[in-house]
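Notebook open, structure on screen. I'm jotting down what I look up as I go.

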Amino acid sequence: MDSNTTNQQIQRGLKNRHIQMIALGGAIGTGLFYGSATVVKTAGPAITLSYLIGGIIIFFIMRALGEMAVDCPVSGSFSQYAYQYWGELPGFIAGWNYWFNYVVVGMAELSVVGTYINYWYPDIPTWVTALACLVVVTFINTVNVKAYGELEFWFAIIKVLAIIGMIVFGVAMIVFGIGNSGQPVGISNLWEHGGFFPNGVLGVVMSLVLVMFSFGGVELVGITAGEAENPNKTIPQAINQVVWRILLFYIGAMGVILAIFPWNEIEATGSPFVQIFSHVGIPSAANLLNFVVLTAALSAYNSALYSNGRMLYGLAVQGNAPKLFGRLNSAGAPIIAILFSTAFTLLTVLISYLDPEKVFLYFMALATISVIINWATILIVQLKFRRHKEKTGEPILFKMPLHPISSYISLVFLVVVVVIMAFIPDLRFSLYIAPIWLFSLYIGFKLKTAAKKN
C-alpha cells in the first residue's frame, strides 16, 4: 500500500456492462433468495402484488437519485448531494448512515452464507464460513475497481441466468408437466390454499417491510457513478432498465414458485427456491440453486463492501471523516476505508457464533430502517436539488417523472413502512436504535465542527 492521499483520484474503470450488472445484482440478493420465505408466509400468493407496489416506489427513488447522479457523478453519491443542496449536517448524516447501512447489509449477507454451505456440509459452523468469505471478498476489493466490477458482473450473470432458467423450467412444469411425470401443475396453487389473499390485505401491508429490504441495494448505481466511464449514458440506462428487470425477476420468479408449490408448505427458514426443487424431487436443480443463492449472498456482500469503501472515501474528501480514509493504494482503491469497514463486519462472525438462528433477522431489521433513512434523504435532497435548478435555470438532463408528486408519494410510503415495523415484534427494536444512531451522528458532527473551529 502506498501513502497516496485524496489528491489522487479514484479510477473510472467501470464499463457499461459493469454498471448494468452492479445495479441489477445489488437488488437481487438475500432478500429474494432467502428472505422471501418469510414474506410468503406473511402475504401468501399476494406477495407478487407487494413486490409490484414496492417496485413502483423504488422506480421513483431510483429516478430521483439518477436525476442528481447524471448532473454530478461522484463517488460520495447522495451524501455529496445532501451536503451540497441541504447542508453540512444532512450531508454528514447521509454519508455515515449509508456507510452504516451497508455494513449491516454486509453482515446480513454474510450471516446466511453458512446456511447455504450447511445444505451440503451441515457440520461446518456458520461463523467459520462467514470468516472465510469476509477475507476473500476483502482481498478482491483491495485489488482495483475493475477486479470488483468483473467479479460482480459474473456474480450477477449467474443470478440472472439462474432466475431466468428457473422461470422457464417452472413455466414448463406448469404448462407441460416437465419434471412432474408429465402432469401439468397449472396455477391453481395461487388461490387454492386460502385464496390469493390468504391473510387478507393486512398480510400484503405487513409484507411491505421485508419487500423493501429486498430492494435495498438499487441505489448502488449512484455510488458507481464516480467510477463510470460515461456516466451521462450508463447511469440513465442502468436505472431505466434495472427497474423493470427487477420487477420481472421478483414477480416472475415468485409467481412461478407459488404456482408450482403451495405457499403454506414453504418453510420460513432456508431458500424457498432450494426447498421447492428438493420437495418436487429434483435434487440436481436444488443443488444448482443452492450454489446460485450462495453466489447471490457473496455478490451482495461484495457490493456492500465496495459501497462502504467509496462512501468513506467520499466522506474523507468532504472532511466529514478522518483523512486517512481518503488514502488510495496504487490500484486506486480506498484501501483504509475498505479495511475499516471489514473490521466492523467482523461482528457478524461473533454474532453468528452466539446466535446463528436469529442473526439474519437482527441485521435485516437494522438494514431496513437505515435504508429507509437513505431513501428518504434521496427524495428530500432531490426536491431541494430541483428547486435549486429552477432558480438558476440550469438544464436537467435526466428528469424524474411526475415531479414533485412522485417524490411526496414515495416519502409517505416510506413513513408507512416505518409505522408497519412498529407492529412487528422482531423488527421493532430497530426503531429504538435508529434515533440513538442519528443522535450519535449529530454529536459526531458537532464534535467535528468544534474541532475545526479550534
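Which helices each supply at least two residues of the nonpolar patch? I find H6 (88–120), H7 (126–143) and H13 (283–318). Helices here are DSSP runs of H or I, at least four residues, numbered from the N terminus.

Ground rules first: I'm working with a predicted model, where local features need pLDDT of at least 70, side-chain atom pairs count only at pLDDT 80 or more, and totals for chains, interfaces and linings use all residues. Residues are numbered from 1 along each chain, and side-chain values use heavy atoms, leaving out hydrogens and water.

**Salt bridges.** I searched the whole structure and got three. The cut-off is a side-chain nitrogen of Lys or Arg within 4 Å of a carboxyl oxygen of Asp or Glu.

I looked at Arg386 and Glu67: their closest N and O atoms are 2.6 Å apart. Arg386 sits in H16 (residues 359–392) and Glu67 in H4 (residues 47–71), so this pair ties together parts 319 residues apart in sequence. Both residues are buried (under 20% relative accessible area; exposed is over 50%, partly exposed in between, with a 1.4 Å probe and protein chains only).

Next I checked Lys389, which pairs with Asp71 at 3.1 Å between the closest N and O atoms. That pair also links distant parts of the chain, H16 and H4, 318 residues apart. Lys389 has a second bridge, to Glu394, at 2.6 Å. Lys389 is buried at 4% relative accessibility, while Asp71 is partly exposed at 30% and Glu394 partly exposed at 37%. Shared partners join Asp71, Lys389 and Glu394 into one network.
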